[in-house]
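Hi,

Here is the structure I promised to pass on.

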Amino acid sequence: MEHTVWGHLPLLVNSNSKESVEYILQALWRTRKTGLDATDRHFIAEMLQLPNHSDLDPVLILLVCLRMLMRKCVYENISKDEIQKLFPNEVLPELQRLLTLLLQKFQREWREDVLNDQVTMPRLKAMTWNMANQETEMLDPVAVINLKLQNDAQSHSGELEVKFQLDKDTLETMLKSMYSIRDQLSDVVSVTLEGETSNGHLPQETNTV
């Protein structure tokens, strides 16, 4: 980070307590998708004893710096020692210790939030099929495929049912694609097993339902 960004970290010293700094970090994380609104920014400015709205620019730079620190700690899952190494010498040791303590305190919780935020793809639970009823012998025969998908995402959990028709030509094209996917998956598994065996490590067993 540039010196101009780090230079605003000492503003945190103006806060009344450790709890104030903790509140700022939690507010930043809570609004990681939307950003702080004007009310939040002014409230934080008052916590830092900068009530004059004309002084918001350094506060905004400070918040950007804190967000960068938080993201690095969460997404790279760095250790306590690595967190301390992020700070240059111009950041006060007391402030380094405080931020390191708080970042480490919330690191696990924030990482869980990130995992929960990630898009969860539905998984195939069951598949059935039957031949479609043909109203006339002139129509080409088609199969009706019924897929039951399980969505484990917290916001849209439950089962999803999808039905579609396949004629012979479409089915052959689909089978070729599925065979290609199978071969690629087999190649990936083979390479993974060879690499782990050569390193003296056995692959961990995965439980399946």
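The angle between helix α2 (residues 18-30) and helix α6 (residues 93-117) is about 30 degrees, and their axes are 11 Å apart. Axes here are lines fitted to C-alpha atoms, for helices over the stretch in contact, and angles run from 0 to 180 degrees between N-to-C directions.

Before I go on, this is a predicted model, where local features need pLDDT of at least 70, side-chain atom pairs count only at pLDDT 80 or more, and totals for chains, interfaces and linings use all residues. Residues are numbered from 1 along each chain as its sequence is written, and side-chain values use heavy atoms, with hydrogens and water left out.

On the α2 side, the contact (heavy atoms within 4.5 Å) includes Val 21, Leu 25 and Trp 29, and on the α6 side Leu 102, Phe 106 and Trp 110 are among the residues involved. By type, the contact residues split into ten nonpolar, one polar and five charged (nonpolar: Ala, Val, Leu, Ile, Met, Phe, Trp, Tyr, Cys and Pro; charged: Asp, Glu, Lys and Arg; polar: the others, Gly among them).

Now the rings. There are three aromatic pairs in the structure (Phe, Tyr or Trp ring centres within 6.5 Å, using the six-membered ring of Trp; planes under 30 degrees apart are stacked, over 60 edge-to-face, the rest tilted). Tyr 23 and Phe 43 are edge-to-face, because their planes sit at 80 degrees, with ring centres 5.5 Å apart. Tyr 23 is in α2 and Phe 43 in helix α3 (residues 38-47), so this pair ties together parts 20 residues apart in sequence. Tyr 23 is partly exposed at 34% relative accessibility (buried is under 20%, exposed over 50%, partly exposed in between; 1.4 Å probe, protein chains only), and Phe 43 is partly exposed too, at 38%.

Phe 106 and Trp 110 are stacked, with centres 5.3 Å apart and planes at 15 degrees. Phe 106 is buried at 5%, and so is Trp 110 at 0%. Ring pairs also join Trp 29, Phe 106 and Trp 110 into a cluster.

Overall, the protein has seven helices and three strands (DSSP runs: H or I of at least four residues, E of at least two, numbered from the N terminus).

Cheers
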